[in-house]
Amino acid sequence: MTIQLILKQFKKAILLLLLAAGSGIVSGQVTVRGKVFSSEDKTLLPGVNVTVKGTTLGVITGTDGSFTISIPAKGSILVFSFIGFNTVEQPADGQSPIEIYMVPQINKLETVVVMGYSNKKRNEITSAVTTVSSDKLMDVTSNDIGTMLQGKVAGIQVINGSGSPGATPDIRIRGSSSFSAPNQGPLYVVDGIIGGNFDPNDVETITVMKDAGATALYGSQANGGVIVVTTKRPTSGKAKFEAKATAGFRIADHGHVRMMDSRTLYNYHREYFRDPVLFEIDDRKFRAARPESLLDVNTDWLGEAFKPALLQNYFVSASGQSEKLSYYIGASYYDEEGTFINTNYKRMNLRANTTYKFSDRVSLTNNINLSGSRTLGADYMNIYYSYTSMPWDNPYDENGAPRSFKNAEGIWSKDKINPIQSANNSKLSNMGFGLDYDLDLNVRITDWLSFTSTNRLSANAFMDKQYYSAAADNLSYFGTGFVSSRNDFNYGGITTDLLKFQFSSGSNSFNGLIGFEAGGDHSDYIRGSGTGIPEGLDVPTVASGQYSIEGAPVNSVMQSLISQLNYTIKNKYFFSGSFRVDQSSSFAPNKRTAVFPSLSAAWNLSNEEFMKTSKSVDNLRLKASWGKTGMKDIGPYKYMEQFRYATQYNGLPAAVPFQMANPDLTWEQTNQFNAGVELGLFQRVDIDLNAYRNITSNLLVYRDLPPSGGFRKQWQNIGKSENTGVELAISTINVKSGDFTWTTDFTIGYNKNKLLGFGNDTIQNANAYGIVQIYHNGGALYSWYAKEYYGIDPANGSMLWVDTDGQPTHDYQAARKIEYGTPMPKFQGGFGTEFRYRNLSLKANFSFVSGNKIYNYFRRYVDHDLQDVGFNVMMPRSDWKIWQHPGDIANHPLPQNAINSYDPSTRFIEDGSFLKVRNITLSYELPSSVLSKLKLEGLILSLGADNFYTFTDFWGQDPEVSIDPNNGLPGYAEFKYPNNRQYVVSINVRF
């Protein structure tokens, strides 16, 4: 065989091998075809780069947006990238053809902000508005959106005044402006309609509107600011599913409160037998009164009453859209066991949002939200006795069952109440059901004119039951029992019909709206109660005594005219004006109409020619606004003369005068002024600074009247309240390098309140214990007014006060009264940070409050200087000292000389400042290589801790104390259901 022949055969062999290898490669490949669309207008996108992740394989979409690409095998990931659009990664699961929807990249200033009646781009807004996205809200596990907002928006104070399951927080935007109006919180607007129910899992964004430039369009309902809730809508044509499961446990947070154990309390009681002359303890008398056998029992009442509790939250959703129909469906189940025994909260929610597009001009939206809840609550007195009961008493009998103290011998606890037994023999329940149905019609009449009609029908039903067995340890119902049942039903509707216009002429553009709004509500309730309950039965029909029945309907209606005009010049100068007229049946016929105008403007300096060369400043805007808002929610019939049918005359029903009529009762109205600047630097730093001055006039006050007139109360308009302040929000991208990113957010708000226009009038508001808040010209809202505490007399350990001459006195009655701060803080805010490395994320959020005073009346019961020897005592702070011998510098008196020690005074008014570690979350998102094998779009695992720790000098349960006047004196701390620390694990799956 010649060499040429050998080479020829060798070439044939090589060629055959190459063909075989090639055929092997081809046989392992998969061909994928598809089209790429813009998610915004569904147009096809030519020129999109389509590549296989981790390889050099790639193609470009044609003029019709189509592509065909061969990929090595199933499980590969296709990457779609195009200038001006967000990159999309799509697992290749063998399906072909496929449709890809790419979301346009939007400059932060081009982001659309939902503002209720209208939407605006961020750079068009002329007022103080903050938007919070769902990903920043959902780091906290809660059933309420207010709790999620804590520390995340400048100028908002969120106070979790109770840790009871299902409890909602108090929210104040830019301080409080009224001291008797029932509703001082913000107005909620859900999907463009006032009011409504929603589940936090269904929320896409929250827009907080803080000044009248934004809120005046809501007129008489916007004194407390406006929170606009936008629920989720589909973002792409492909059907998408999400499932999220969260589970964890909660522990009661008692703050600095630790109650004394048996030995510590026993030793402390020795001080009760210290001779006030010789200053020595008489141990013989002590042992006779407190035998050592007391140490045989050591009950941790807080440990028995409060237990670790399970928390669960489950959520599933589906969304998608076609050419005509888009839909979103979300369902959730929230189950929150209470840390106090026999308490819990359960809630189910179902939401369905659909939009049908009849044509390019007409669309119809249907939203429905169904919710149901059940709550088992705690009796306040059971919380009270869980703290005060003596550790020398055993709550259980020889069989380990909770026993009654009422007829037992040898009980040391005051009132002889066993809260464990009481909680097991009583039930406080509430069941609720809510339905909201929205119907929105949108008609584009011309290219510049459209008509919208948004409508909602709502219905809510509640059943509240209270049951106390005759065997339950209870001050009022032991031996008789008690049962009550109350049913509430309310329904209402609202319609908003608007003409909206938008057109441009050269460098000028105009848009606005004009329309009509009307709404009405009807509510009714009936309640029956009685005593003498047979054991084992818990319905009112079995009651044999002290029957009571009550009920009444309430109706209210309101109608409004709404208008707004926005004018833009060269995308640099923005002007906005609105005008609203409200009529409400809550006021007398001559006071039912009020007007609410607003004017605002903004200047985009960064769009000026002299700023375009700046490499550091990417956004600079100045803005200012003025407007009026109001407060109508005092409830109906407040201007009318009212009588109570609470007695009889000659065997017939008789009425007793109660509320005096006031035909001139009118709206609270607030003049609001705001000026602000927005600054963006280096594409990394965003600063928003606002200053405001809000003056609320015609304050609504529910005043006591002299008894000689026959009527006890009257609603009146008195004086003004001024809130001035500054807000600052800073967001930064500190590090963005390769796989590592570090971002921070910081907010702080300063607010000062001052009362005006009271003349010589002074109003004092006191509770049943003599705790007083005072209102007068030049004062501040909710100012404490109390006898001035001086200290402990070093000579004999007695109480000292300050008299009217400023000198120390032992006479409590001679002590002068002074104003001593207010529960409204000077500063509030928060900060958050996130560290992200590849798929691993660590987030932390903090909130803080400073400059407020809390009346800590909790200490009256558990720091009582042995003036209530039937109550346990809290462990003292490290710097507390009991007076024992002459010359001692102490802050607690000798018990024998402690007269008036716990009576109302400045002694128990404490600094309420705190820094709270609100949330810490560690998350891990599975990489795309794993997701493609699992055929998932995303899977996130996270560990979280909420309400993790509070730094404070406040020596009580918690410095977060309710500021709602409907719950008593704002800032008054007694015994509350404690807030809770919670630790959760979550898994979030998208496919």
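Trainee: What joins β11 to strand β12 (residues 170-173)?

Mentor: Bridges do, and there are 4 of them, with the two strands running antiparallel. Pairing takes at least two bridges, so 4 bridges are enough to call β11 and β12 paired. One of the contributing residues is I156, whose bridge partner in β12 is I173. Keep in mind that this is a predicted model.

Trainee: Which way do the residues of β11 (residues 156-159) point, and are they buried or exposed?

Mentor: I156 and V158 point one way, Q157 and I159 point the other way, and all are buried.

Trainee: Why does T215 count as buried?

Mentor: T215, found in helix α4 (residues 212-215), has 0% relative accessibility. Buried means under 20%, so T215 qualifies. Leaving out residues up to four places away in sequence, T215 touches M209, K210, A222, G225, V226, T629 and Q672.

Trainee: Why is L439 called partly exposed?

Mentor: L439 has a relative accessible area of 32%. You will find L439 in strand β22 (residues 426-444). Beyond its neighbours within four places in sequence, L439 is in contact with L364, T365, N366, S453, T454 and N455.

Trainee: Which residues of the largest nonpolar core touch the most other members?

Mentor: Among its 38 residues, these are F306, F340, Y387, Y855 and F975. The elements α7 (301-305), α8 (380-388), α9 (419-424), β40 (783-787) and α10 (858-862) each supply at least two core residues, and α8 gives the largest share, 4 residues. As for Y387, with residues up to four places away in sequence not counted, the residues it touches include L302, F306, F858, V862 and F975. A second, separate core has 20 residues, V113, V228, I494 and I562 among them.

Trainee: Why do β41 and β43 stand at the edges?

Mentor: β41 (789-792) and β43 (808-809) each have a single partner strand, so one side of each is left without a neighbour in the sheet. The open sheet has the order β41-β42-β43, with antiparallel pairing. β41 is joined to strand β42 (residues 799-802) by 3 bridges, and I792 has M799 as its bridge partner in β42.

Trainee: What makes β48 and β51 edge strands?

Mentor: β48 (909-911) and β51 (972-973) each pair on one side only. Their open sheet is ordered β48-β47-β51, with mixed pairing. Strand β47 (residues 853-856) and β48 run antiparallel and are joined by 3 bridges. At least two bridges are required, so β47 and β48 count as paired. Here I854 has E910 of β48 as its bridge partner.

Technical notes: Residues numbered from 1 in each chain as written. Predicted model: local features only at pLDDT ≥ 70, side-chain atom pairs only at ≥ 80, totals over all residues. Heavy atoms only, no water. Buried < 20%, exposed > 50% of the residue type's maximum accessible area, 1.4 Å probe, protein only. Contact = heavy atoms within 4.5 Å. Core = buried A, V, L, I, M, F, W, Y, C linked by side-chain atoms within 4.5 Å.
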